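Trainee: Can we go through this model together? I'd like to begin with the charged side chains.
Mentor: Fine, here it is.

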Amino acid sequence: MIDEKEKLCAIALTQLKGVSLADLHRLCETVGSAAEVFEHRGHLLDVLPDASPRLLQALENVDDAWQRAEQEMKFMEGKAIQCIPFTDVSYPQRLWDCDDAPLVLFYCGNADLNHRRVISVVGTRQCTPYGRDVCHHFIEELQQADPEALVVSGLAYGIDICAHRESLACGLDTVAVLAHGLDRIYPSLHRDTAIKMTHQGGLLTEFLSGTEPEKRNFVQRNRIVAGLSDVTVVVESAERGGSLITASIADSYGRGVFAFPGRVYDEHSKGCNRLIYNEMAHAIRSVEDLFKIMEWKPREPKEPGKAVQQELFAKLTEDEQRLCDCLKEAEDLSVSQLVAATGFAYSRVSVALFELNVKGVVDNLGGTRYRLLRR
């Protein structure tokens with residue numbers, strides 16, 4: 001469990017002036033944590049000999065950054081807001097794999113950000129009845145194919161809010177990535193939906209309280225929408241727009257990009273059609289198409305079965321047995337959840353899971369989720 005000091009230090013690092021996110025990531029990875037950075041800042045060259053003068057100067061006077069971090073920690077007191085530094089096991093693994101992942105996230109919700117399958121659904125703010133209909137059927141089909149899938153979008157007008165509301169109606173968890181702090185909801189008309197999402201999904205942001213929903217923040221927000229997900233689905237988009245930016249970022253991350261085609265001369269489908277024509281996105285007509293291209297299997301209905309009898313399997317190491325014991329208590333778990341349950345390092349859990357998978361003891365469900373095979 002990440003302590004309060006690590007959270008405070010991670011927030012403070014984001015407030016340093018003139019330091020790139022890449023430099024901060026490299027620094028934290030070198031010394032081990034945000035707290036270690038502050039402990040070593042007086043002799044940083046000893047642990048990072050090639051530290052830039054800009055970084056050294058930024059760490060000389062951290063009073064303002066530290067004060068702002070303390071204010072944010074105070075803001076979160078008594079509220080159902082989680083502060084998730086990049087060193088926390090609950091930090092979304094898919095996002096952590098991106099070079100420009102935020103150092104810290106703020107989250108209000110109950111959904112696992114490391115769901116077995118995470119799908120971003122984005123599109124134009126000026127959606128048409130066609131776009132709303134496509135979104136409705138897509139979410140409905142997704143719920144049937146995988147009732148535990150997580151739907152991510154941006155709470156904006158149009159396709160975003162349609163994706164969130166359809167998910168809520170179908171019983172799917174849905175998370176909105178915000179372009180401002182958690183002290184407000186923008187647009188305010190979506191407040192009721194946002195509140196419902198905190199009980200069936202959540203609200204996520206990298207921005208501190210008091211941050212206004214400025215235009216540049218939405219572009220910055222889009223990388224989180226793309227990075228959280230296995231795939232990004234563009235339902236409807238004009239020739240220019242934020243959803244195309246999200247699709248481009250998802251493509252740069254090596255994630256799947258999919259788009260629903262529209263009529264050739266329809267202004268609201270030109271973006272989707274261009275993504276398909278330029279071969280940046282796969283054209284799809286349904287969830288079935290998406291699952292086939294991704295080689296995903298629909299979730300099978302749960303069947304009664306006997307608990308795993310470990311004596312039927314090859315001899316297990318202590319680490320492997322510990323993971324199996326944890327998996328016995330749940331239908332499936334993510335690597336991050338297993339790290340939290342065992343106290344093992346992430347790499348140690350990953351190695352043991354690989355061996356268990358080879359031995360036929362566990363099954364990888366896609367992403368970072370595993371289940372114990374039943375016989």
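Mentor: A salt bridge here is a side-chain nitrogen of Lys or Arg within 4 Å of a carboxyl oxygen of Asp or Glu. This is a predicted model, where local features need pLDDT of at least 70 and side-chain atom pairs count only at pLDDT 80 or more, while totals for chains, interfaces and linings use all residues. Residues are numbered from 1 along each chain as its sequence is written, and side-chain values use heavy atoms, with hydrogens and water left out.

Trainee: How many salt bridges does the structure hold?
Mentor: There are 17. In one of them, Arg223 meets Glu206 at 2.6 Å, N to O. Arg223 is in helix H11 (residues 215-227) and Glu206 in the loop between strand E6 (201-205) and H11, 17 residues apart. Helices (H or I, at least four residues) and strands (E, at least two) are DSSP runs, numbered from the N terminus.

Trainee: Is Glu206 buried or exposed?
Mentor: Buried, with a relative accessible area of 13%. Arg223 is buried as well, at 8%. The cut-offs are under 20% relative accessible area for buried, over 50% for exposed and partly exposed in between, with a 1.4 Å probe and protein chains only.

Trainee: Which residues are linked in a network with Arg223?
Mentor: Asp100 and Glu206, through salt bridges.

Trainee: And what does Asp319 form a salt bridge with?
Mentor: Arg348, with the closest N and O atoms 2.8 Å apart. That pair joins helix H15 (residues 318-328) to helix H17 (residues 346-358). Asp319 is partly exposed at 21%, and Arg348 is partly exposed at 40%. Arg348 also lies over the face of Phe344, at 3.7 Å from the ring centre. For that, CZ of Arg or NZ of Lys must be within 6 Å of the ring centre and within 35 degrees of the ring normal.

Trainee: New topic, strands. Which strands pair with E7?
Mentor: E3 (residues 118-122) runs parallel to E7 and is joined to it by four bridges. E8 (residues 256-259) also pairs with E7 in the parallel sense, over four bridges. Pairing requires at least two DSSP bridges between the strands. Val231 of E7 is the bridge partner of Ile119, and Val234 has Ala259 of E8 as its partner.

Trainee: Which residues of E7 are buried on each side?
Mentor: Val231 and Val233 on one side, Thr232 and Val234 on the other. In a regular strand the side chains alternate between the two faces of the sheet.
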